[in-house]
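Please examine the structure shown below and follow the explanation along its chain.

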Amino acid sequence: FQCGLASLSAQAGEVAALAARSARAELQAQDHDARRAQAEEKARNSEAAAAAARAGAARADRAACDRIQQAREEVRVVRAGSRALESDSERCRALAEERAVQLTVLAQTVETL
């Protein structure tokens with residue numbers, strides 16, 4: 001009877017050891033699942049941050065392109081204005097020369113009279 005009792009006691013110990021190992025394995029599996037979920041969350045957050053950075057860079061690039069285009073337009077307007085002023089200046093010089101000739105002719109006419 002004691003031999004059977006000792007055998008049952010040994011089996012109960014083995015069952016308890018197996019149950020403890022099983023519980024530890026389950027805890028390890030749960031810990032692994034939690035770590036995996038955290039890693040996946042970090043990956044999603046990193047992907048979102050990268051997408052936001054790309055979007056920000058694209059906005060900055062568009063804004064820079066807009067500023068460059070605006071500067072080019074301003075240069076074009078200034079150059080056109082400069083050419084117009086130069087043309088006006090040439091017309092004024094020609095008109096002044098013409099008036100000088102007319103005044104010279106008028107002065108000579110007055111002298112001859």
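E40 and R36 are 4 residues apart in helix α1, which means that about one helical turn separates them. Helices here are DSSP runs of H or I with at least four residues, numbered from the N terminus. The side chains of E40 and R36 meet in a salt bridge (3.6 Å, N to O), a term for a side-chain nitrogen of Lys or Arg within 4 Å of a carboxyl oxygen of Asp or Glu. E40 is partly exposed at 39% relative accessibility, and R36 is partly exposed at 41%. Buried means under 20% relative accessible area, exposed over 50%, and partly exposed in between, with a 1.4 Å probe and protein chains only.

This is a predicted model, in which local features need pLDDT of at least 70 and side-chain atom pairs count only at pLDDT 80 or more, while totals for chains, interfaces and linings use all residues. Residues are numbered from 1 along each chain as its sequence is written, and side-chain values use heavy atoms, leaving out hydrogens and water.

A search of the whole structure finds 6 salt bridges. One of them joins D31 to R35, with the closest N and O atoms 2.9 Å apart. D31 is partly exposed, at 36% relative accessible area, whereas R35 is exposed, at 54%. R76 and E73 also form a salt bridge (2.6 Å, N to O); they are 3 residues apart in helix α1, so about one helical turn lies between them. Salt bridges with shared partners link D33, R36 and E40 into one network.

Notes
Helix = DSSP H or I, 4+ residues; strand = E, 2+ residues; numbered from the N terminus.
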